Amino acid sequence: MQSEELQRLSAAIRDVPDFPEPGILFKDITPVLGDGELFAMAVRGLAETVHGTIVDKVVGIDARGFIFGAAVANLLGAGFVPIRKKGKLPWATEIESYSLEYGEAEIEIHKDAVLKDEKVLVIDDLLATGGTAAAALKLISSIGGKVIAVSFFIELTFLNGRERLGANRVETILSY
Ligand code: AMP
């Protein structure tokens, strides 16, 4: 992406101190989503992270990963698969527990959502400690998917989330 585009995206992200609890500086992306030009720019940027690579499925992580993930899937002509917080998916699931920057959680994927050896791009809005994405990668590999990249709109580099994602290709649009 061009540096002018990156600057416009960065300027639109709203920093909210002490949300959802004291000590967390929350990166609010809703001003980006609410601007048609900026939203399209962000989606294009995420799709470009896998330029020239075949993607069968885009997996989006609950909940802001759905917003970017579905749009990226559409742009790439790939299918979309949601990884959801526990108890929301109606069919047979695989489940994984993980810890995040604030709290503990469990996420699930439908067992038949990705076929064996399908090429998967994982999308989420933000990489913090990497716990959520690491759990998502375990779920995808447990049902046979091959992750080709994990792409985030924002990376909080000081939390070293990349270290938890092992040898996977990790791409980000904006880093703080
Ligand atoms: P983590 O598992 O620590 O990498 O946390 C990533 C998930 O938590 C992402 O789905 C983000 O949406 C959310 N998250 C964590 N920290 C923040 C933050 N400072 N601002 C906005 N979202 C966050």
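Predicted model: local features only at pLDDT ≥ 70, side-chain atom pairs only at ≥ 80, totals over all residues.

Author: Residues are numbered from 1 along each chain as its sequence is written, and side-chain values use heavy atoms, with hydrogens and water left out.

Reader: What is the nearest side chain of opposite charge to E108, and how far away is it?

Author: Lys and Arg count as positive and Asp and Glu as negative, with His and the chain ends not counted; a salt bridge needs a side-chain nitrogen of Lys or Arg within 4 Å of a carboxyl oxygen of Asp or Glu. Buried means under 20% relative accessible area and exposed over 50%, with partly exposed in between, for a 1.4 Å probe and protein chains only. E108 is buried without a salt bridge, and its nearest side chain of opposite charge, K86, is 7.2 Å away. The side chain of E108 does, however, reach the backbone nitrogen of G87 at 2.8 Å.

Reader: Which side chain does that of K27 meet in a polar contact?

Author: A polar contact is a pair of N or O atoms within 3.5 Å; within protein, one must be able to donate a hydrogen and the other to accept it, and residues adjacent in sequence count only if both atoms are side-chain atoms. The side chain of K27 makes such a contact with the side chain of D15, at 2.8 Å. K27 counts as buried because its relative accessible area is 7%.

Reader: Over the face of which ring does K27 lie?

Author: A charge sits over a ring if NZ of Lys or CZ of Arg is within 6 Å of the ring centre and within 35 degrees of the ring normal. K27 lies over the face of Y176, at 3.8 Å from the ring centre.

Reader: How many aromatic pairs are there?

Author: Rings of Phe, Tyr and Trp (its six-membered ring) pair if their centres lie within 6.5 Å, and planes under 30 degrees apart count as stacked, over 60 as edge-to-face and the rest as tilted. The count comes to four aromatic pairs. One of them joins F19 and F26 edge-to-face, at 5.2 Å centre to centre and 85 degrees between the planes. F19 is partly exposed at 44% relative accessibility, whereas F26 is buried at 13%. F66 and F80 are also edge-to-face, because their planes stand at 85 degrees, with the ring centres 6.1 Å apart. Ring pairs also link F39, F68 and F153 into a cluster.
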